[in-house]
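Here is a brisk report on strands, nonpolar cores and ring pairs. Keep the viewer open while reading.

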Amino acid sequence: MTTLDAKLDRVLGAKTGKALDSALGLATVGDLLRHYPRRYAERGELTAIAGLEIGEHATVLAQVERVSKRTMKSRRGTIVEARITDGHRSLSCTFFNQAWRERELLPGRRGMFAGKVTAYRDQLQLAHPEYQLFDADKTDLGSAAEEFAAAVLPVYPAAQGLPSWSIAQCVSQVLDVWDGAEDPLPVELRDRMGLADLESALRKIHRPQNFGDVEAAQDRLKWDEALAVQLALAQLRGAAKSHPAPVCRMRDDGVLVAFDQRMPFELTKGQQEIGEQIAADLTTEHPMNRLVQGEVGSGKTVVALRAMLQVVDSGRQAAMLAPTEVLAAQHARSLRELLGDLAMAGELGGADNATRVTLLTGSLNAAQRKKALLEAASGEAGIVVGTHALIQDRVSFADLGLVVVDEQHRFGVEQRDALRARGGDDASPHVLVMTATPIPRTVAMTVYGDLETSALRELPRGRSPISTSVVPVAEKPAWLDRAWARIHEEVAAGHQVYVVCPRIGDDEENPGKGKKKAAKSAVDDSDGGGEEPPPEDGEERRPPLAVLDVAEQLSAGPLAGLRLGILHGRLAADDKDAVMRAFAAGELDVLVATTVIEVGVNVPNATVMVIMDADRFGVSQLHQLRGRVGRGSAPGLCLLVSEAMAGTTTRDRLDAVASTTDGFELARLDLELRREGDILGAAQSGRKSGLKMLSLLRDEDVIAQAREEADRVVGDDPRLRNNPGLARMVAEVVDAERAEYLEKS
């Protein structure tokens, strides 16, 4: 019997099984059959080359345009270079010391070419790719896989040494001996929803006769994934209703009313509406679990502060988690400044109904830490701000009523859950999550209804516009020179500048070779490249630029004479705080930093941000970073410096960020550009995604139907004891660890 659990090395042989496992993590028949085609091609069409991504392993269906052979100048041997085309754009395929390729790759021949996409002299290329040529006559295919003779060609996510057609051959061998699988969906449900059976869907997804087969198979496989997640979430929602929460009612004479009366600005309509929603949530007997999405600078902190003050008025405490010590310290300062004497409980000049804001981070000295711990444990601190240090075993609260998590995706699930478990009287604290732009998993949970969501879309009055431009250094190196000149102009006008890099540098693990040369090249574009094509494995992508290297190059080169500071996560907490204070005070002109400044850092005098290697950051990250400028009266400017070439997906992503400042639109774009995303948090859990077919953007109708079905099933059978097939399906897509992740999130 060849079942879904059968090991591939037993079915395909030890060598092939090992290759699939090491390259793609496919160990069983089920793993391989659920390694779905990324897309499908027709024999008559060609693949668009313009969308290829540098660094990816791509498979393209293209036509040979021309081929040439020449002798290398600096070493012995020959180079065969074939140009393949999709009819609009060309791609170079380079072969070293393989002269016979010239006789095989004849102009006009079509085939599938697979390899790692690299760049050489600003041109896309595949270095010694694997390829499978075929002619219009199906009988002339030789040993090509059976799939290539079909009208619809599956194109699989591939890896080095495992091109799409090799995977197709493996799938074909497995399907020939596979004995099928028991269908987890009840027949009644399949008939009602018009879904194919599981075995038929898995066979058609790999061996479609036409695109109708593809659609039918995808419909069934998407439904399985959507229903599995919805069943898990329905079970969790049912369990959550049994948890008690502290009831935090508003007071007419409390600190919240006093704060509102002296607030120096008017709340936006959105802040008022969301504040009312949260106030109502806090008075219920079940835990609030609300996500507040808001544009950078939309005023989420004030919304969170008013919620915390309502909890303080009820005699309980609030905790605020920040992703970095820099941000935690800034939050504590900002809260104290907003509250004034209302944050000075027990101090000379404090208001009669004041509370206390306490900062607790891992880098406090012994005396400071002891004092902060005592204030949290005794209840003297109404608001405790910190990082993960808040949830260490030694930290206790008198009566924790609310947990505010800033930028949820920067925290591990176990950390959040440990803090949430600190509520008094066996009650779970209310949870308020704030994020500047929805991240894929957050969007997913929003779609699935696991979080109550609120959106702040309008900006408070006084925020300045931010313009964003891409600086394509590979195509227009002079633009980078202009960027450095612009920084001098801004500093001369009394403003300040951020320069952001992906790495710290120095003793980081695997720093790669030539990092200082790469930094110098990025700063002054002095690297002209060599004469010969790159070595046989293609031009390796250089390491990301590092703060320490770039700062050194800038201070000695284009930004000489300016006052530069350095900020990154490896600095001691006191040093980080000192650098931020110096920058905020105007004692530094330029701050060269990592993404430690990504969220919350507020220096109104900073007007320009230069993001080096901008293509190494995600869409949401770029949007949050640029939100650090334009926070004062002067307009902001963000420059996205990148070597990404026009026409690539990477460049399209940067151009999209430059085209809009709407974070909600960018979040949607981010999802569209991600080829696959684990909505169940594989990035945090370290496991592979159980979802391979479902699209959060395109399949909202499927998700909505699945939710209704899941609520019905779980309402009748909470533990799925009467539906063992559905229970198995949930276990396959949402394993025990990931289900626990969802429950804690």
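The sections below cover the model, the sheet, the cores and the aromatic pairs.

## Model and conventions

This is a predicted model: local features need pLDDT of at least 70, side-chain atom pairs count only at pLDDT 80 or more, and totals for chains, interfaces and linings use all residues. Residues are numbered from 1 along each chain as its sequence is written, and side-chain values use heavy atoms, with hydrogens and water left out.

Helices (H or I, at least four residues) and strands (E, at least two) are DSSP runs, numbered from the N terminus.

## The sheet

Seven strands make an open sheet with parallel pairing. Their order is β11-β12-β10-β13-β14-β9-β15. Two strands pair if DSSP finds at least two bridges between them. β11 (357–360) and β15 (452–456) each have a single partner strand, so one side of each lacks a neighbour in the sheet. The twist averages 20° from one strand to the next.

Strands β10 (residues 317–321) and β13 (residues 400–406) run parallel and are joined by five bridges. Ala-319 stands opposite Val-403 in β13.

## Helices on the sheet

Helix α13 (residues 366–378) packs on the sheet and touches β10, β11 and β12 (383–386). Its direction makes about 130° with that of β11. Helix α10 (residues 269–282) lies across β9 (289–294), β13, β14 (430–435) and β15, at about 160° to β15. Axes are lines fitted to C-alpha atoms, for helices over the stretch in contact (heavy atoms within 4.5 Å). Angles run from 0 to 180 degrees between N-to-C directions.

## Nonpolar cores

A nonpolar core is a set of buried Ala, Val, Leu, Ile, Met, Phe, Trp, Tyr and Cys residues joined through side-chain atoms within 4.5 Å. Buried means under 20% relative accessible area, with a 1.4 Å probe and protein chains only.

The largest core has 42 residues; Ile-278, Met-308, Ile-383, Leu-402 and Leu-432 touch the most other members. α11 (300–313) is among the contributing elements and gives the most, with nine residues. Which residues does Met-308 touch, not counting those up to four places away in sequence? They are Ala-318, Met-320, Leu-335, Ile-383, Leu-402 and Val-404.

## Aromatic pairs

The whole structure holds three aromatic pairs. Rings of Phe, Tyr and Trp (its six-membered ring) pair if their centres lie within 6.5 Å; planes under 30 degrees apart count as stacked, over 60 as edge-to-face and the rest as tilted. The centres of Phe-95 and Tyr-131 are 6.0 Å apart and their planes at 80°, so this pair is edge-to-face. Both residues are buried.

Tyr-498 and Phe-583 form a tilted pair, 5.0 Å centre to centre with 55° between the planes.

Technical notes:
Buried < 20%, exposed > 50% of the residue type's maximum accessible area, 1.4 Å probe, protein only.
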